[in-house]
Amino acid sequence: MEFSHFNEQGRARMVDVSDKEVTKRSAAAKSKVTMDPGTLEAIKAGRISKGDVLAVAQVAGIMAAKQTSAWIPMCHPLPLTGIDIAFSDNSKDELYIEATVKTAGKTGVEMEALTAVSAAALTVYDMCKALQKDMVIGPTMLVSKSGGKNGDYVLEA
């Protein structure tokens, strides 16, 4: 497999997508924050002093997805057409975060989906760290992607 992010000198470059066709593209990613049962209960009951953890984490994830190219050096700035972030939990000690990102563009939105769940997870940590400092974030992974010349991908369970 040849990597497209290197020039003739073997140095990093941003891939030229000028000749690629605009297609509908989407990607979904997920992450997890593992915490004490009391911390998860406090989040769900709205007892975190900084405010509504999930609402703030959702906005942080959306904002981060829109700014991915500012964080990840070789990512193209993309006109995102949709970002959705959902939360669920195991009713014990794990909070699950999933993001779906969409665009009509020349390159995919995998990095935007991964950035969204990462920022949301970090925001959960930030808002709850006074209650618990040993929360664990991850694993974080791409769940699926569609569109583009490389076709679709779905994470095998």
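These legends describe a predicted model, first as a whole and then in several close-up views.

**Conventions.** In this predicted model, local features need pLDDT of at least 70, side-chain atom pairs count only at pLDDT 80 or more, and totals for chains, interfaces and linings use all residues. Residues are numbered from 1 along each chain as its sequence is written, and side-chain values use heavy atoms, with hydrogens and water left out.

**Figure 1. The whole protein.** The protein has four helices and six strands. Helices (H or I, at least four residues) and strands (E, at least two) are DSSP runs, numbered from the N terminus. Read from the N terminus, the order is β-α-α-α-β-β-α-β-β-β. The C-alpha trace spans about 55 × 30 × 30 Å along its principal axes. Of the 157 residues, 35% are buried. Buried means under 20% relative accessible area, exposed means over 50%, and partly exposed lies in between (1.4 Å probe, protein chains only). Contact means heavy atoms within 4.5 Å. Among contacts with a separation of 6 or more, 68% are between residues 24 or more positions apart.

**Figure 2. Helix 4, end to end.** Helix 4 covers residues 110–128, which is 19 residues. An α-helix has 3.6 residues a turn, so residues three or four places apart point the same way.

**Figure 3. T115 in helix 4.** T115 lies in helix 4. Is T115 buried or exposed? T115 has 6% relative accessibility, so it counts as buried. Which residues does T115 contact, leaving aside neighbours within four places in sequence? They are A64, A65, T68, W71 and I72.

**Figure 4. M127 in helix 4.** M127 also belongs to helix 4. Its relative accessible area is 7%, so M127 is buried. Not counting residues up to four places away in sequence, M127 touches I48, K50, G51, D52, V53 and V56. K102 is 25 residues from M127 in sequence, and their C-alpha atoms are 28 Å apart in space.

**Figure 5. Strand 3 and its partners.** Strand 3 (residues 94–105) runs antiparallel to strand 1 (residues 23–34), and twelve bridges join them. Two strands pair if DSSP finds at least two bridges between them. K30 has E98 as its bridge partner in strand 3. Strand 3 also pairs with strand 2 (residues 80–89), in the antiparallel sense, over nine bridges. Here L80 stands opposite T103 in strand 3. In a regular strand the side chains alternate between the two faces of the sheet.

**Figure 6. The turn at S91.** Strands 2 and 3 form a hairpin with four residues between them. S91 sits in the loop between these strands. What is the phi of S91, which is not a glycine? The phi of S91 is positive, about 60 degrees. Most residues other than glycine have a negative phi, and most peptide bonds are trans. S91 has a relative accessible area of 62%, so it is exposed.

**Figure 7. Strand 5 between two partners.** Strand 5 (residues 141–146) runs antiparallel to strand 1, joined by five bridges. K30 stands opposite M141 in strand 5. Strand 5 and strand 6 pair in the antiparallel sense over two bridges. In strand 6, Y153 is the bridge partner of K145. The hairpin of strands 5 and 6 has six residues between the strands, and G147 takes a positive phi near 95 degrees.

**Figure 8. V154 in strand 6.** V154 is found in strand 6 (residues 153–154). Its relative accessibility is 60%, so V154 counts as exposed. Leaving aside neighbours within four places in sequence, V154 is in contact with V143 and S144. A28 is 126 residues away from V154 in sequence, yet their C-alpha atoms are 9.3 Å apart in space.

**Figure 9. A cis peptide bond.** Which kind of peptide bond joins G138 and P139? The bond is cis, with omega about 5 degrees. P139 lies in the loop between strand 4 (136–137) and strand 5.

Notes: Expected span 1.5 Å × (residues − 1).
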